[in-house]
Amino acid sequence: MQNIDVHKLSDGASFNRFHAGVLAWCASIIICDGYDLAVAGIALPSIMKSMGVTAQNAGFMVSSALFGMMFGAIFLGTVADRIGRRRAIAICLGLFSVFTAAAGLAQDPYVFSAMRFLAGLGIGGVMPNVVAQMTEYSPKKIRSTMVTLMFSGYAIGGMLAALLGKGLIEAYGWSSVFLAAGVPVVLIPFVLRSMPESMPFLIKENRLDELKKILSRMEPRYRASADDRFVNAADARVEGAPIGKLFQDGRGFSTAMFWIAFFMCLFMVYALSSWLTKLMAGAGYSLGSALTFVLVLNFGAVIGAIGGGWLADRFPIKYVLIGMYALAGVSITLLGYKVSTELLFLLVGLAGASTIGTQIVTYAYAGQFYPTAIRSTGIGWASGVGRSGAILAPIAIGTLVGMALPLEQNFMAIAIPALIAMIAVALISHSRSASAGEVPVDSRMADPFKTA
């Protein structure tokens, strides 16, 4: 009989077609997710004109999706640890595809807001689940790179919305960009059939034949035998209510620090996406349409996410994040000062890399911190609490803009959360992380690559 530690088997596997398939599925879902989130901002001027709503009401209409994301990240992240990650991802995909398309059929702001709230449940809920999925099935030596590469699909989705939005809206009206978001619903049967289920969930449900097939694809050197016994050393002590476990075994303080970091980073992301163009226009810059800003910001995000992931696989991810938050504080602060157009574009790109890109790396860090059995829950709660920062940012910065403060003070207000997030990440304790929390497995564990 072999005692197979599935956690260590995944850690030591070499990248192959199985890993590429998981990456492709998760990245595709995140691209759809990013499109659905960005599409409202792209179409907002047309929606305001069509429905005759004020800027204040339009802001509420956009925020309705953010409220949905907050609840979706918390509850659909938590439920995945109970019903299985694959099913939870399929539910989220259905929610944000169907209800984003339904928002395109709305005729008044109240129905539109309700549809966006329901879509937000799926948009927010899918994020912690795909991060947990990618973390679980990535070889340890390239884990951060794979997670951030997957999550860069979020920025690609935003760029896709910006590129397609103008043409579709001009030709077919604002509803068309929302209706297009319904297409990914056709992926649900393929997700349920092709995406691997979480390994601890399969062990818990005693679906061992399915687990053996996954392990054989993930690590071809593994040879299954009828009497194999499967364990996950990292989760040997994780039992009971997942939410409570976020604050047990010494994880409570670090969990709170993750929540602060998520809150502050998402505050910066949504402050920039909501007010960057307005602030620059007020400062007298003539940089063309908001489309250019969206593209530059999201292009920077892709570079920041992939570059941050690459660095995090070579240096401690904690210190990579501290550096990225420091870059965010500097680049955003410099946006408040008069510079050349070329330098301004560079600073906007750096701001995207160090805010949206840093948020993606922060997801990767949270995915590595929590044990597998509560990973979706840990990421989900951090993301959900962080969403309150996303909701607060447009309101808070809008209030400052209304006070007609100097430009540099507005950008300093957006940059201050970077300092707070940097301190929070610095205080996270590695001694309570998933890897440090592993307990010894039976010392008689057999070589998993040896035929029984």
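Trainee: Does D11 count as buried or exposed, and at what relative accessibility?

Mentor: The cut-off for buried is under 20% relative accessible area. In this predicted model, D11 has 15% relative accessibility and therefore counts as buried.

Trainee: With which residue does D11 form a salt bridge?

Mentor: The general idea is that side chains of opposite charge can pair when their charged atoms come close. Here the partner of D11 is R143, and their closest N and O atoms are 2.5 Å apart. Because D11 belongs to helix α1 (residues 6-12) and R143 to helix α6 (residues 143-151), the pair ties together parts that are 132 residues apart in sequence. R143 is also buried, its relative accessible area being 11%.

Trainee: How many salt bridges does the whole structure contain?

Mentor: A search finds five. One of them joins R85 to E136, with 2.7 Å between the closest N and O atoms. R85 lies in helix α4 and E136 in helix α5 (residues 109-136), so this pair connects parts 51 residues apart in sequence. Both ends are buried: R85 has a relative accessible area of 2%, and E136 has 4% relative accessibility.

Trainee: Which residue meets R86 in a salt bridge, and where does that residue lie?

Mentor: The side chain of E210 meets that of R86 at 3.2 Å, N to O. E210 is in helix α11 (residues 208-218) and R86 is in helix α4, which places the two 124 residues apart. E210 is partly exposed, with a relative accessible area of 24%, whereas R86 counts as buried at 13%. Salt bridges with shared partners join R86, R207 and E210 into one network.

Trainee: Why is helix α4 described as largely enclosed?

Mentor: One reads this from the burial of its residues: 14 of the 19 in α4 are buried, so the rest of the structure largely encloses the helix. Helix α4 covers residues 85-103 and reaches 27 Å from its first C-alpha to its last, close to the 27 Å expected.

Trainee: Which residues form a nonpolar patch on the surface?

Mentor: The patch consists of F253, L419, I423 and L427, which together have about 390 Å² of accessible area. F253 is placed in helix α13 (residues 252-282).

Trainee: What is the overall setting of these features in the protein chain?

Mentor: The chain has 18 helices and two strands, and 56% of its 452 residues count as buried. Among contacts between residues at least 6 apart in sequence, 85% join residues at least 24 apart. The chain exposes about 17,800 Å², of which carbon and sulfur atoms supply 66%.

Conventions:
Residues are numbered from 1 along each chain as its sequence is written. This is a predicted model: local features need pLDDT of at least 70, side-chain atom pairs count only at pLDDT 80 or more; totals for chains, interfaces and linings use all residues. Side-chain values use heavy atoms; hydrogens and water are left out. Helices (H or I, at least four residues) and strands (E, at least two) are DSSP runs, numbered from the N terminus. Buried means under 20% relative accessible area, exposed over 50%, partly exposed in between (1.4 Å probe, protein chains only). Contact means heavy atoms within 4.5 Å. Accessible areas come from the Shrake-Rupley method with a 1.4 Å probe; for residues, only the protein chains shown count as cover. The expected span of a helix is 1.5 Å times one less than its number of residues. Patches are made of residues with over 30% relative accessible area and no salt bridge: like charges are joined within 9 Å, nonpolar side chains (Val, Leu, Ile, Met, Phe, Trp, Tyr) within 5 Å. A salt bridge is a side-chain nitrogen of Lys or Arg within 4 Å of a carboxyl oxygen of Asp or Glu.
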